[in-house]
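Please brief me on this model. I want the metal site, the sheet and the surface, with cut-offs.

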Amino acid sequence: MKVNIYAVQTGTVDIKTAHRIRKPGGLIRVFTDSRWTEWLPIYTWVIDHLEGIIVVDTGETSKSSDPAYYPYWHPYYRYSLRMNVRPEDEIGPQLRGMGITHEDIKTLVLTHFHTDHAGGLYHFPGTEILASGSDHRLASGFGGRLRGYLPNRWPEWFSPELIAFEHERFGPFEQSYKVTKAGDVLIVPTPGHTPGHVSVLVNTEDIIFFLAGDTSYSESLLIERTPDGVSPRVSVALDTMNRILRLAHSRPLVYLPTHDPESVDRLTEKRTLGGSLMRPTVGGGAYA
Ligand SMILES: [Zn+2]
């Protein structure tokens, strides 16, 4: 079955270097670090499937350029995050520009609830939205706001369908959830960056396209198994990275994290992770 995948970039984000690569002190260093990364893309993904369009993540809203959009009292928003999103960068206008209407969209999947993945939710009224139940709980209410989520910016109607994973193994992932009846678009649990983080797989005949959200900020950080600075439990993040690497060992896999500037080239060129894994720097056989 022919499936096309398109990257839609909804502006750029700038984070601290201690956010992208974990430093001693973990989350504290994200606040105290004075060094910023380069501006990173915020990608969302459009899967053009016979059963309907599936969108992965919403990207950020241009309202984020107004300082009042973020809670002034939260140190993360105050000191550790910059966003650059123009109105025309938002996912709504971009989907319209691609000729995609509400009726065409079958499902929206959220990899997690961080603002640069969920800030465009208001473009999807009436769409079926799939998201992790445990992350939805964590992100909701005032507790969610303390944790750095923006539930106060979610649309009134927002009530996602919580993903009910089935004990159906997909490679190293013990559970999965079929988004399409054909079973070729799947969600797998990829906890780490957030406890309920999920990734979306498009399983074509020859290649698995792994829409990774924030399982790592780049392909090389996955290969090096370098955790980020915000994952609550490093061991969980590393376990997920190992599973992705094991899957990439068994099948050609194109790895597409949200903030990797090279993701789009890898998608268009179908550049698989396998080639990179063969490099001796990785240390063979350590992916168990
Ligand atoms: Zn995130």
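Is histidine 193 buried or exposed? Histidine 193 counts as buried, at 4% relative accessibility. Buried means under 20% relative accessible area, exposed over 50%, and partly exposed in between, with a 1.4 Å probe and protein chains only. This is a predicted model: local features need pLDDT of at least 70, side-chain atom pairs count only at pLDDT 80 or more, and totals for chains, interfaces and linings use all residues. Residues are numbered from 1 along each chain as its sequence is written, and side-chain values use heavy atoms, with hydrogens and water left out.

**Zinc site**

- His112 (NE2), His114 (ND1), His193 (NE2) and Asp214 (OD) coordinate the zinc ion at 2.2 to 2.3 Å.
- Donors are N, O and S atoms within 2.8 Å of the metal (3.2 Å for Na, K and Ca); water is not among the atoms, so sites may look incomplete.
- The four donor atoms subtend angles of 87 to 176° around the zinc ion, so the arrangement is irregular.
- Four donors count as tetrahedral if all angles lie between 85 and 135 degrees; four count as square planar and six as octahedral if opposite donors are over 155 degrees apart and all others between 65 and 115; anything else is irregular.
- Along the chain, the zinc donors have the spacing H-x1-H-x78-H-x20-D.
- Histidine 114 lies in the loop between strand S5 (105-109) and helix H5 (115-118), and histidine 193 in the loop between strand S9 (185-189) and strand S10 (198-203); the pair is 79 residues apart and links distant parts of the chain.
- Helices (H or I, at least four residues) and strands (E, at least two) are DSSP runs, numbered from the N terminus.
- Histidine 114 is buried too, with a relative accessible area of 18%.

**Sheet**

- An open sheet of five strands runs in the order S8-S9-S10-S11-S12, with mixed pairing.
- Strand S8 (177-178) and S12 are at the edges with a single partner strand each, so one side of each has no neighbour in the sheet.
- Two strands pair if DSSP finds at least two bridges between them.
- S10 and S11 are antiparallel over four bridges and form a hairpin with four residues between them.
- Phenylalanine 209 in S11 faces valine 202, and its bridge partner in S12 is valine 254.
- S11 and strand S12 (residues 253-257) run parallel, joined by five bridges.
- Six of the six residues of strand S11 (residues 208-213) are buried, so S11 is largely enclosed by the rest of the structure.
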